Amino acid sequence: MNFRIFEGVWTTLTSAVLALGLGLALSIAQPATAKPLELRDLAIAGDSLKTRMLFSLDVEAEPKLMLLRSPHRLVIDLPEARFRFDEKALKPRGLITGIKYGPIGEGMSRIVVSAKGPFKIVDFNMLANEEKAGNRMVLDLEAASEQLFDAALAEQATSTGSTTPSLPKNAEGQTAQKAEKRFTVVIDPGHGGIDGGANGLSGTVEKDITLAFSRELRDQLAKVGDLDIILTRDGDQFLRLDERVRFAREKNADLFISIHADTIRLKGISGATVYTVSDRASDAASAALATRENLSDQLAGIKIEDEDHQIADILVDLIRRETHSFSMSFAKTLVGELKQSVTMINNPHRMAGFRVLRAPDVPSVLIELGYLSNESDEKHLLDSEWRSKAAKGIVDAVVQFAGPRIGSRG
Ligand SMILES: [Zn+2]
């Protein structure tokens, strides 16, 4: 099972903080092919001595628990899950200083609960709801001594979830009724509202071009069928970069495509570029472009906060790595397809630190359709026929990337 690989990565990543042999017998409680669980309505109650956490699940599951220290944390591993948490409910309370969650690959999901200090798990139960369908996962934590926490760490075999093996049956029954989530593409027309983006030689405003193009792309993708396509904005409104990222994550997007058409000082450069995120830019021009794009938020007077607080760093690293390889693979396909329909710059797949591409769990690319500072590019961008040709190239790439999930058109 590939999980071994994951465990190796995990161990490497956490070895610095863990300093103890993590030969943990993590295992999956449910076949990876089953329909994802749905987790909702998390509630936290209590004080810094005793805290109860409550999750609601659509089906029964057997979570695996694991303790980590520096800081003191509880890891809850579940079969693949959709998290429908109310952000407000996630506010730290009592013993709990933070909750992060997300997929960790191999049909598994993870919740990481950070605590104020050493704690002990007083109770952990999976209970079937009496009045309505579904289950509750109840977790009681109590402040404890370092020694006690260390002892529990040493044992580390904490698994007190339900033992009723009824899940596979339930999951199967529900899979038959409910089809798998459709492949979802979120298209992000760059800029909007008070943030116009770049200005063309003849007065074209980037935010209008990106919206017109995104609508064209949406309409063409819609014809493919079997896809959900959503625009981050379908009008002239301002959206913060992190709102665009969050939007894609909330929609459980399988692909995020941000559309832009900027300017460049270098004359004579023209054509389309596909960008993926990287801390190290592939070249100076890409770095400069990312810096400019990342200023969008400041235009609206928003102070940029540095980091995505949603998920623990270790967790993010793991997911990001996997997502990044998908982004790279899509970018490659995209370049191959776009090349056939429009002019591209030299080395058309480039990298830089675009904030809008930072969703840890959604493969993301940013397409610069062309440069508004270039006369022929601007003409193309204003030409609906050209836009249709370019959109067609992107559609072909999406179909290839989605593969069997949208039939065998590729
Ligand atoms: Zn732009």
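Student: OK, how do β1 and β5 pair, parallel or antiparallel?
Tutor: Strand β1 (residues 37-46) and strand β5 (residues 81-84) pair in the parallel sense, over four bridges. Helices (H or I, at least four residues) and strands (E, at least two) are DSSP runs, numbered from the N terminus, and two strands pair if DSSP finds at least two bridges between them. Keep in mind that this is a predicted model: local features need pLDDT of at least 70, side-chain atom pairs count only at pLDDT 80 or more, and totals for chains, interfaces and linings use all residues. Residues are numbered from 1 along each chain as its sequence is written.

Student: Which residue in β5 is the bridge partner of R40?
Tutor: That's R84. R40 also has a bridge partner in β2, namely S56.

Student: So how does β2 run against β1?
Tutor: Antiparallel: six bridges join β1 to β2 (residues 50-57). The two form a hairpin, with three residues between them.

Student: And what do strands pair through, in general?
Tutor: Backbone hydrogen bonds, either parallel or antiparallel.

Student: Switching topic: what's the strand order in the open sheet of six strands?
Tutor: The order is β11-β10-β12-β15-β13-β14, with mixed pairing. At the edges are β11 (227-231) and β14 (344-352), which each pair on one side only.

Student: How do β10 and β12 pair in there?
Tutor: β10 (residues 183-189) and β12 (residues 255-260) are parallel, over five bridges. P189 stands opposite I259 in β12.

Student: What lies across β12, β13 and β14?
Tutor: Helix α6 (residues 284-294) does, running at about 60° to β14. Axes are lines fitted to C-alpha atoms, for helices over the stretch in contact, and angles run from 0 to 180 degrees between N-to-C directions.

Student: Now helices: at what angle do α4 and α10 cross?
Tutor: Roughly 50°, and the axes of α4 (residues 206-224) and α10 (residues 384-402) come within 9 Å. That makes α4 oblique to α10, because angles under 35 degrees count as roughly parallel, over 145 as roughly antiparallel, 65 to 115 as roughly perpendicular and the rest as oblique.

Student: Which residues make the contact?
Tutor: On α4, they include F213, L217 and L221, and on α10, I394, V395 and V398 are among them. Two residues are in contact if their C-beta atoms, placed from the backbone, lie within 7 Å.
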